[in-house]
Amino acid sequence: MTERVGLAVYIQSLKQVKQLKRFGHVHYASRKMKYAILYCDLENVEETVTRLEKLPFVKEVSMSMRPWVKTEYQEIVPEREKKDDYKMGL
């Protein structure tokens, strides 16, 4: 499986969503807020962002930081539950 990253592309009109399909997989397009969520390969993301920003109908391109966020967490709950004795003095 190839690593992918999400891009939020803010556009002026929804007519141009069809043209965004050349750059990756269009996952979602918002009619009200006029943006599209686009997934592309991680190794080509810098090139894709620069090409998207040059288009005349694109206002802004923002990249998702999810591939770089640590998703492995340490044990948050202490071992207090193991220490508690529920016999209540009986």
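Predicted model: local features only at pLDDT ≥ 70, side-chain atom pairs only at ≥ 80, totals over all residues.
Q: Why are β2 and β4 called edge strands?
A: The open sheet has four strands in the order β2-β3-β1-β4, with antiparallel pairing. Strands β2 (25-30) and β4 (58-63) each pair on one side only, and they are therefore the edge strands. On average, neighbouring strands of this sheet are turned by 25° against each other, direction ignored.

Q: Why is the contact between Arg51 and Glu47 called a salt bridge?
A: A salt bridge requires a side-chain nitrogen of Lys or Arg within 4 Å of a carboxyl oxygen of Asp or Glu. The side chains of Arg51 and Glu47 meet at 4.0 Å, N to O. The structure holds one salt bridge. Both residues lie in helix α2 (residues 45-53), four residues apart, which is about one turn of the helix.

Q: Why are Arg51 and Glu47 described as partly exposed?
A: Partly exposed covers what lies between buried, under 20%, and exposed, over 50%. Arg51 has a relative accessible area of 42% and is therefore partly exposed. Glu47 has 46% and is therefore partly exposed.

Q: Is Arg66 buried or exposed, and what makes it so?
A: The cut-off for exposed is over 50%. Arg66 has 67% relative accessibility, so it counts as exposed. Arg66 lies in the loop between β4 and α3 (80-83). Its C-alpha atom is separated by 8.4 Å from that of Gly6, although the two residues are 60 apart along the chain.

Q: How do you know that the buried residues of α2 lie on the same side of the helix?
A: The buried residues of α2 are Val45, Thr48, Val49 and Leu52. They cover an arc of only 100° around the axis, and therefore they lie on the same side of α2. What covers these buried residues includes β1, α1, β3 and β4.

Q: Which elements supply the largest nonpolar core?
A: This core has 17 residues, and among those with the most contacts inside it are Leu7, Leu52 and Val58. The elements β1, α1 (17-20), β3, α2 and β4 each supply at least two residues. Strand β1 gives the most, with four residues.

Q: What does Val58 touch, beyond residues up to four places away in sequence?
A: Contact means heavy atoms within 4.5 Å. Leaving out those sequence neighbours, Val58 touches Val9, Tyr10, Ile11 and Leu52.

Terms used: Residues numbered from 1 in each chain as written. Heavy atoms only, no water. Pairing = 2+ DSSP bridges. Axes fitted to C-alpha atoms, helices over the stretch in contact; angles between N-to-C directions. Buried < 20%, exposed > 50% of the residue type's maximum accessible area, 1.4 Å probe, protein only. Core = buried A, V, L, I, M, F, W, Y, C linked by side-chain atoms within 4.5 Å. Arc of directions from axis to C-beta.
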